[in-house]
Every structure is written in C-alpha cells, then in structure tokens.
Amino acid sequence: MKTVVYAKGDGIGPEIMDATIDILKAAGVKLNFEEIEIGKKAYERGIMNGIPKESWDKILEHKVLLKAPITTPQGGGYKSLNVTLRKTLGLFANVRPCKSMAPFVASRHPQMDVVVIRENEEDLYAGIEHQQTAEVVQCLKLITRPGTEKIVRYAFEYAKAYGRKKVTCFVKDNIMKQTDGLFHKIFKEIAAEYPEIESDHIIIDIGAARIADTPEMFDVVVMPNLYGDVVSDITAQLSGSVGLAGSSNIGQKVSMFEAIHGSAPDIAGKDIANPSALINASVMMLNHLGDCKSAEKIHNAWLRTIEDGIHTADIYHADSKEKVGTRKFAEAVIARLGLKPEKLNEVSYDKMTPIKLPEYIREIEKREEKKLVGVDVFIDHPSFKPEQLAEALRAFNDEKLSLSMITNRGVKVWPEGFDETFCTDHWRCRFDQTNGKAVESKDVAKLLCRLAEGELDAIKTENLYTFNGERGYSLGQGQG
Ligand code: NAD
C-alpha cells in the first residue's frame, strides 16, 4: 500500500491536519500515513531550513507530502521551508484551483472557476540578489527555456485532464522583452501542440485587474512565479475565504499538497479554523495518486456540507444553517461521504486521464549559434556626469571594443541624454564591437584589466551575445 508522508505544521496546522486525515481514513482510502516533523520545532532546534534529516529521508522515500502550514521565523538567517522544499525537490508546478460556491459561500463572483498554474522554481524567486553600489541593489530575474516549457506544457496537460477549455498566459513582455518575452514565445509554441484547447495571452497588469473584476473570463491561467504568487492570492480571496483553497506542488519525482493559507497563529488552538483548504489539497493528492474515486467521494461530501450550510466562522453568514468548529466540520463531511451536492455542481473524476508530466529533453545538436558581440560593464561612480564618464571611458577603447552607450537605471544618458534624467551611482556602459571586428572573451578580460588599472570600479559585467544572429539583450530605453 502507498505511504503518504504528512506534516502537521504550526499554528492551526495540527487541527486542520487531524480533520483532514480523519476524513481520508473515513473515506477508506488505501494509503498508509506516516508523520514527519518540520517547521517551528525544527527551527527551534537550530535547523535553519526547518527540515530535519529524518524528514528529508522520509519525503525522498515516499515521494508524496501532505503538508499543513508552517510559521516562518522572522530574521535570524532562517530559510523559508516552503521555498526550500519547492526548489530542492524540483516542484516546478504550483496549481491553485479557485471556484466560487455562491450562494452558499458569499462571493461577488458566483461564476468564478479559475485554476492558477504558477511556475514554482525560478523568476525573481531564484533569490540571487546583490548590493552593487551604495545606492543600488539588484535581484536577478531568471526565466529559462526548460522551466517555461515544463510549466506551460503542464498547464495544457492539466486542462486536458480536467476537461478545461482555455489556457491564458499572463506576462509583461511589452517591458521585459527577453524574460517575459521568452515565456510568451514558448507559450505560443506549446499552445500550437494543443489545437483542441483555446489559448490567449494578456499583459499581467490588466490581467490581474480583469481577474479581480470578471474572473469568469478565465479558465486555466499560467504565469511566471511572482505574478502567480500575487494572482493566486487574489483568486483565493475572491472565492470567499483563504481558508478554502488547496494547492499542489508537482515535481517529476516528488509532489507536495498544502493549503494556500498560512498557520493563522491568531486563531490557533481554538478549534475554529476552516480545514477546507487542506481537505481540498488532499483531494488533489488523491487525483494525483490515481485514486479518483476517493477524490470524488470526499470532494462531493465536502460540497454537500458547504451546501447544507454547515460553516466554520470564516464563511458563516446570515443564510448559513450551523456555525461549527474544525472538528465538527470534519464530522459533518464524514457523515456525508457517499452523498452528492444537490444545487452545486457535483464533481466527477472517474473519466479523468492522468496528467502527463512533461519531460524536458535538451537537444544539444539544436543549440543556437552563440556569438559574443560586446559587453555591458557596470561602473560604480557617485559623482560623474554622463559626459564626463563617457570621456573617461573612451580612453579605454581598443581595436576590438568601443564605448557605444551609457545608461542609468536602463535609460540612455549618453550619447544625447537629457538633463532631466535622474542618475544614481550605477552606470551601465556598453562596449560594442569596434568596426564589426569579432570579439573574444579575452578581449573583455583585457578591457576589465585596463579599467582596473585606470581605477574605475567595474562592479559587474554582462556579455552581449547574438543567438542565431538575433540580439540576445535589450536596448537602452531611448536607444535605437
Ligand atoms: P495566514 O494565512 O496564516 O492568515 C491570514 C488571515 O487569514 C488570518 O486572519 C487568519 O486567521 C485567516 N485564516 C488563515 N487560514 C484560515 C483558516 N483555515 N480558517 C480561518 N481563517 C483562516 O497568513 P499570515 O498571518 O500572513 O501568516 C501567518 C504565518 O503563516 C506566518 O508565519 C507565515 O510565514 C506563515 N505562512 C505559511 C505558509 C505555508 O506554510 N504554506 C503560507 C503562508 C504563510
């Protein structure tokens, strides 16, 4: 029999986990449950990421984790347990379905039924940050072809498995032409492989506004990590309570299922927390494990409980029938196992095909031709004017590399800048090929040596490449 590892977590975690495990057992699921310790107690024992070795071993052995929320300690060099689990275990897809249950749960959007699929490993969450000058810090936004192919393909496979009609991509590629541009380009490539599913894209700012205003326009939405983090909280809140939405974190080998809310320390230990989000996460887990019958049974019993007006305090309203605590809510779901909702749509998972997990196959022979054509050197200088800096830098031109542009915070300030542009101490100085002559990496190294000898503080460089002849870097704002 398959073993599922579970962690009771912190705050309301133990209460909602007990309720969920009771329901799973009452539904007769054919699973062993093994508890592991992660979170506050582990942090207090000095384990900086909150995950003891024995717990890692169990997760790696059994590969499925049902996790209650954790209280993340503030400061002190502690690492986020959630980010550690997601990135270390390669949990690339974060799936958050949010559906309105109006009129049984108050919601301004009775037709809402959205699934947010968030890339879970990269983007600004790569956590690569540096202070470079007294005035400027930087966070690297990494969007990769493998990461994007996997998440986008997973979104279409999810739509196929759950009979969804449309997948929408949220990006900001009008501004971030390289990073979000790659995400959008790959979305279009992969959408073409699924002609039976409608696809479109929307710029994230108007997309977030529309999803808050008319979520019924959307079906499955897929996006890079940070946008997905924000948008999925919006959709969870719109469905009535953060206490309702479950999520899955899917990897090639390991998967983790959890509530989207936190450990709610303000209501911990009072038997008033809504266990629905973790119950819904366990339904996602059962579908993932292929036990669609049990998933359907629990989900329908839960819908019937909500429909019967048995509500925890967070969703209780004038038309509710009974206000219950965490334990009583679980008992009510158990009493309805085998029943279906009468007014809400019942769920049916028996015809569901398993979601095909996308494999990324690196095709070495198809790699694009990469050519070095210049370098951006970032200089720390607090008092230069652009003209002065250009004057100083032009002395370092040689027969391979010549200064062509200076920007400050991305805006071109030389040649022909504007006096009005505000400048910091962080200058991006672009050196292009002199008269189109081929550049090698040793030419860049030589330039850096000359700058160092000239006592210019080069804090970082970015090589400029073309790939199959296409520019692989952005122009300065105001350039071109
Ligand atoms: P939170 O989600 O814990 O609470 C926000 C509000 O929602 C609170 O008023 C809380 O009472 C309410 N709430 C949350 N879950 C509820 C439920 N099931 N039933 C009824 N009401 C519920 O967010 P927070 O207060 O910002 O964070 C608390 C702690 O949780 C922090 O330490 C944070 O780092 C952690 N956290 C953990 C996870 C996770 O483990 N996946 C996710 C988010 C936050």
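Two strands pair if DSSP finds at least two bridges between them. Strands (E, at least two residues) and helices (H or I, at least four) are DSSP runs, numbered from the N terminus. This is a predicted model: local features need pLDDT of at least 70, side-chain atom pairs count only at pLDDT 80 or more, and totals for chains, interfaces and linings use all residues. Residues are numbered from 1 along each chain as its sequence is written, and side-chain values use heavy atoms, leaving out hydrogens and water.

**Domains**
- The protein is divided into domain 1 (1-84 + 250-352), domain 2 (108-239) and domain 3 (369-471); the bounds come from an automatic or database domain assignment.
- Taken over C-alpha atoms, the centres of domain 1 and domain 3 are 53 Å apart.

**The sheet of 10 strands**
- This open sheet runs S2-S1-S3-S12-S11-S4-S5-S10-S8-S9, with mixed pairing.
- Strand S2 (31-36) and strand S9 (198-203) each have a single partner strand, so one side of each is left without a neighbour in the sheet.
- S5 pairs with strand S10 (residues 220-223) in the parallel sense, over four bridges.
- Val-116 stands opposite Val-221 in S10.
- Helix H1 (residues 13-26) packs on the sheet and touches strand S1 (2-7), S2 and strand S3 (64-67); contact means heavy atoms within 4.5 Å.
- The direction of H1 makes about 130 degrees with that of S3; axes are lines fitted to C-alpha atoms, for helices over the stretch in contact, and angles run from 0 to 180 degrees between N-to-C directions.

**The sheet of six strands**
- A second open sheet has the order S17-S16-S18-S15-S19-S20, and its pairing is antiparallel.
- Its edge strands are S17 (411-414) and S20 (470-471), and each pairs on one side only.
- Seven bridges join strand S16 (residues 401-408) and strand S18 (residues 426-433).
- Ile-406 has Cys-429 in S18 as its bridge partner.
- Helix H13 (residues 441-453) lies across S15, S16, S18 and strand S19 (458-467), at about 15 degrees to S15.

**The second largest pocket**
- A pocket is an open set of points on a 1 Å grid over the protein atoms alone, where a 1.4 Å probe fits, with protein on both sides within 12 Å along at least five of seven lines; lining residues have an atom within 4 Å of a point.
- The second largest pocket is lined by 36 residues, and Lys-99, Asp-113, Arg-164, His-299 and Val-347 lie nearest its centre.
- Its lining draws at least three residues from each of domain 1 and domain 2.
- H9 gives the most to this lining, with four residues.
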